[in-house]
Amino acid sequence: RLLAPAVLTAVTIDHVSSLLVEDRASAPKNVRVYGFAPCSTCHGLGFDPESKRLLTEFMYDIQGDTSVQTFGIETVKSEESHGGGSCSAVAPSCETETNVVAAIRVEVVDNWGHPHYTCLYRVRAHGEIDA
């Protein structure tokens, strides 16, 4: 959950530097980031759990120059949003017609080969708080 509903512009993923560790197979590889619309009637959650929308997907590059990588999120204009823009029956007051999100979900699809786990050192969401 975000501090406040915001229009996200980017997500940053941190993993251990190749200067510190040779084997970085536990680094995330393919990642998806979903956003959830704000909601004031969602049982105190602050977001509608039924409003999951894909914001971006990307590949973290373990061969890159840095272990800290930022991936942009395209702004979705309200007239281009998905479907009719209605919220779930549980949360009829949500804002699904805009790019404003109150929570995100980071889904690691796979990693660079470690068979048992994936390490995420830090995830940061960047954007502007919705006024």
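Here is a short tour of a predicted model, one selection at a time.

Before you click, note that residues are numbered from 1 along each chain as its sequence is written, and that side-chain values use heavy atoms, with hydrogens and water left out. Local features need pLDDT of at least 70 and side-chain atom pairs count only at pLDDT 80 or more, while totals for chains, interfaces and linings use all residues.

Start with strand S2 (28-36); strands here are DSSP E runs of at least two residues, numbered from the N terminus. S2 runs antiparallel to strand S6 (residues 103-111), joined by 8 bridges, and DSSP must find at least two bridges for strands to pair. Pick Arg-32 and you'll find Glu-107 of S6 opposite. S2 is also antiparallel to S3, with 6 bridges; there, select Tyr-34 and look across to Leu-54.

Next, hop to His-43, in the loop between S2 and strand S3 (53-59). His-43 isn't a glycine, yet has a positive phi of about 55°. Its relative accessibility is 74%, so His-43 counts as exposed (over 50%; buried is under 20%, partly exposed in between, with a 1.4 Å probe and protein chains only).

Now go to Val-21, in the loop between strand S1 (6-14) and S2. Val-21 is partly exposed at 32%.

Last stop: Asp-130, in the segment after strand S7 (122-129). What is the C-alpha separation of Asp-130 and Ala-6? The two C-alpha atoms are 4.7 Å apart, although 124 residues separate them along the chain. Asp-130 has a relative accessible area of 35%, so it is partly exposed.

Key. Helix = DSSP H or I, 4+ residues; strand = E, 2+ residues; numbered from the N terminus.
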